[in-house]
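Please read it with the structure open.

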Amino acid sequence: MQALPRITVEVPVLSVGTGPADFDALGGYVLGLRRPRGLHLTLLHLGILEDFGRDVTDWTKGITGADDAIRQTAAWLRALPVLNGFAGTAERLIVLGGGGVAGLEVEVPQQVHEFQVALVQGLHGLLDSLLVDNVDDFILSSPALGYRYPHWVPHVAVGRPKTRDRQPIEIAPLEIIFGPSQIRNGRFLPPTG
């Protein structure tokens, strides 16, 4: 059985550094260096839509059904504005989450931070319309959303850390070019009509 796709709002990485050698050099710091194609910076993670719908239903004690939550969420996602492409800079590798992922910490332009804040505010509005109370608590406790910290750190996951040391690793500065924002796995969103 094929796993259900995770839904995120992200910006794809178009290039890292001045050429492939710049990205390949990161293999000296991480295990299982990811392929450049498919690298991205996540702006908002919703997770598996069916799980998100279930989380909403559980939280609202059935007042909002999972199907309705999924349908409204899909419509909200399709109506989101698009963030234009931009350039960022990475000067260090950081360890993320439980320690299983190493990522380039990316300095991004202010408009990217503002767009991400607007996404979270939009998510709040969506959850209000789905009759979720204590929205902040829901966001931090929903298994589908997977948030553990309220602070967003722009990053591009590139592999697994080589050591258990969680200290950031300084690297030579890399310019990273990002394309316009998109909905990852958007083709799997259910129809909203």
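**Briefing**

Asn134 lies in the loop between α4 and α5, where helices (H or I, at least four residues) and strands (E, at least two) are DSSP runs numbered from the N terminus. The model is predicted, so local features need pLDDT of at least 70 and side-chain atom pairs count only at pLDDT 80 or more, whereas totals for chains, interfaces and linings use all residues. Residues are numbered from 1 along each chain as its sequence is written, and side-chain values use heavy atoms, with hydrogens and water left out.

**Positive phi values**

- Most residues other than glycine have a negative phi.
- Asn134, although not a glycine, has a positive phi of about 50°.
- Leu131, placed in the loop between α4 and α5, has a positive phi near 70° and is likewise a residue other than glycine.
- Leu131 is exposed, with a relative accessible area of 53%, on a scale where buried means under 20%, exposed over 50% and partly exposed in between (1.4 Å probe, protein chains only).
- Lys61, which follows α2, has a positive phi near 55°.

- Leu127 touches (contact means heavy atoms within 4.5 Å) Phe52, Val56, Val132, Val135, Phe138 and Ile139, when residues up to four places away in sequence are not counted.
- In helix α2 (residues 49–59), the buried residues are Leu49, Phe52, Gly53, Asp55, Val56 and Thr57, and what covers them includes β3, α3 (66–78), α4 and α5.

- Gln116, in helix α4 (residues 110–129), counts as buried because its relative accessibility is 6%.
- The side chain of Gln116 reaches the backbone oxygen of Leu43 at 3.2 Å, a polar contact being a pair of N or O atoms within 3.5 Å; within protein, one must be able to donate a hydrogen and the other to accept it, and residues adjacent in sequence count only if both atoms are side-chain atoms.
- Leaving aside neighbours within four places in sequence, Gln116 is in contact with Leu43 and Trp152.
- Gln116 and Glu10 are 106 residues apart in sequence, and their C-alpha atoms are 9.9 Å apart in space.
- Ser181, in the loop between β7 (169–178) and β8 (182–184), is buried with a relative accessible area of 11%, and its side chain reaches the backbone nitrogen of Leu83 at 2.7 Å.
- Not counting residues up to four places away in sequence, Ser181 touches Glu10, Val11, Leu43, Pro81, Val82, Leu83 and Phe115.

**Largest pocket**

- On a 1 Å grid over the protein atoms alone, a pocket is an open set of points where a 1.4 Å probe fits, with protein on both sides within 12 Å along at least five of seven lines, and lining residues have an atom within 4 Å of a point.
- The largest pocket is lined by 44 residues, of which His45, Gly146, Tyr147, Trp152 and His155 lie nearest its centre.
- Elements giving two or more residues to this lining include β1 (6–16), β3 (40–48) and β6 (155–161), while the largest share, six residues, comes from α4.
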